[in-house]
Amino acid sequence: MRIEEIEQSQTIFFIQQLDDAYDARHRSVSYRPGELVWVFTPVRKVGLSEKLLKRYFGPYRVVRKLSDVTYEVEELEPSPRRRKSTQVVHVLRMKKYYTPEAPGTYSNK
């Protein structure tokens with residue numbers, strides 16, 4: 001065997017190991033139409049620390065599933081100045097909606 005062939009076979013073996021490790025940890029996520037979700041939207045404001053800003057906005061309602069990883073969502077309560085519109089969102093930018101607790105109240109669940 002030539003050195004290039006050995007390197008190529010080792011690379012293929014290494015990639016297969018990475019794929020197997022990813023598949024062992026990966027959990028597929030799917031949402032049904034009508035479910036409520038948070039949507040990640042990066043916000044940057046001059047003079048404010050990014051880590052203290054709100055990252056997820058919502059609630060949004062899932063309208064329909066476009067593919068395994070994209071969904072069409074609509075804002076549940078659009079602001080009065082904007083009309084109700086839909087967005088196409090990747091599943092990585094979504095998480096299941098929960099009711100936020102009031103500041104200063106914590107539960108031990």
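Hi everyone, and thanks for coming. A word on the ground rules before we start. What you see is a predicted model, in which local features need pLDDT of at least 70 and side-chain atom pairs count only at pLDDT 80 or more, while totals for chains, interfaces and linings use all residues. Residues are numbered from 1 along each chain as its sequence is written, and side-chain values use heavy atoms, with hydrogens and water left out.

Let's begin with the overall layout. The chain has one helix and five strands, and along the sequence they follow the pattern α-β-β-β-β-β. Helices here are DSSP runs of H or I with at least four residues, strands are runs of E with at least two, and both are numbered from the N terminus. Of the 109 residues in the chain, 15% are buried; buried means under 20% relative accessible area, exposed means over 50%, and partly exposed is in between, using a 1.4 Å probe and protein chains only. The accessible surface of the chain comes to about 9,400 Å², and carbon and sulfur atoms hold 54% of that. Those areas come from the Shrake-Rupley method with a 1.4 Å probe, and for residues only the protein chains shown count as cover. One more total: among contacts in the chain with a separation of 6 or more, 40% are between residues 24 or more positions apart. A contact means heavy atoms within 4.5 Å.

Now to the sheet. In what order do the five strands of the open sheet stand? The order is β4-β3-β2-β1-β5, with antiparallel pairing. Two strands pair if DSSP finds at least two bridges between them. At the edges stand β4 (86–90) and β5 (94–96), each with a single partner strand, so one side of each has no neighbour in the sheet. On average, neighbouring strands are turned by 50° against each other, direction ignored; the axes behind that angle are lines fitted to C-alpha atoms, for helices over the stretch in contact, and angles run from 0 to 180 degrees between N-to-C directions.

Let's walk across the sheet from the β4 side. Strand β3, residues 70–75, runs antiparallel to β4 and is joined to β4 by five bridges. Here V73 stands opposite Q87, and Y71 has V89 as its bridge partner. Next, β2 and β3 are antiparallel as well, with five bridges, and they form a hairpin with four residues between them. V62 has V73 as its bridge partner in β3. Moving on, β1 (residues 36–40) and β2 (residues 56–65) pair in the antiparallel sense over four bridges, with F40 opposite Y56.

Is E72 buried or exposed? Its relative accessibility is 13%, so E72 counts as buried. Leaving out residues up to four places away in sequence, E72 touches R61, V62, V63, R64, L66, T86, Q87 and V88. What does the E72 side chain make polar contacts with? One partner is the side chain of R64, at 2.5 Å, and another is the side chain of T86, at 2.9 Å. A polar contact is a pair of N or O atoms within 3.5 Å; within protein, one must be able to donate a hydrogen and the other to accept it, and residues adjacent in sequence count only if both atoms are side-chain atoms.

Finally, the aromatics. A pair of aromatic rings is described by the distance of the centres and the angle of the planes. The structure holds four aromatic pairs. The rings of Y31 and Y71 have centres 5.7 Å apart and planes at 80°, so this pair is edge-to-face. The cut-offs: rings of Phe, Tyr and Trp (its six-membered ring) pair if their centres lie within 6.5 Å, and planes under 30 degrees apart count as stacked, over 60 as edge-to-face and the rest as tilted. Y31 sits in the loop between α1 (3–25) and β1, and Y71 in β3, so the pair ties together parts 40 residues apart in sequence. Both Y31 and Y71 are buried.

W38 and Y98 form a tilted pair, 5.5 Å centre to centre with 55° between the planes. W38 lies in β1 and Y98 in the segment after β5, so this pair links parts 60 residues apart in sequence. W38 is buried, with a relative accessible area of 10%, whereas Y98 is partly exposed at 48%. With Y97, these two form one aromatic cluster.
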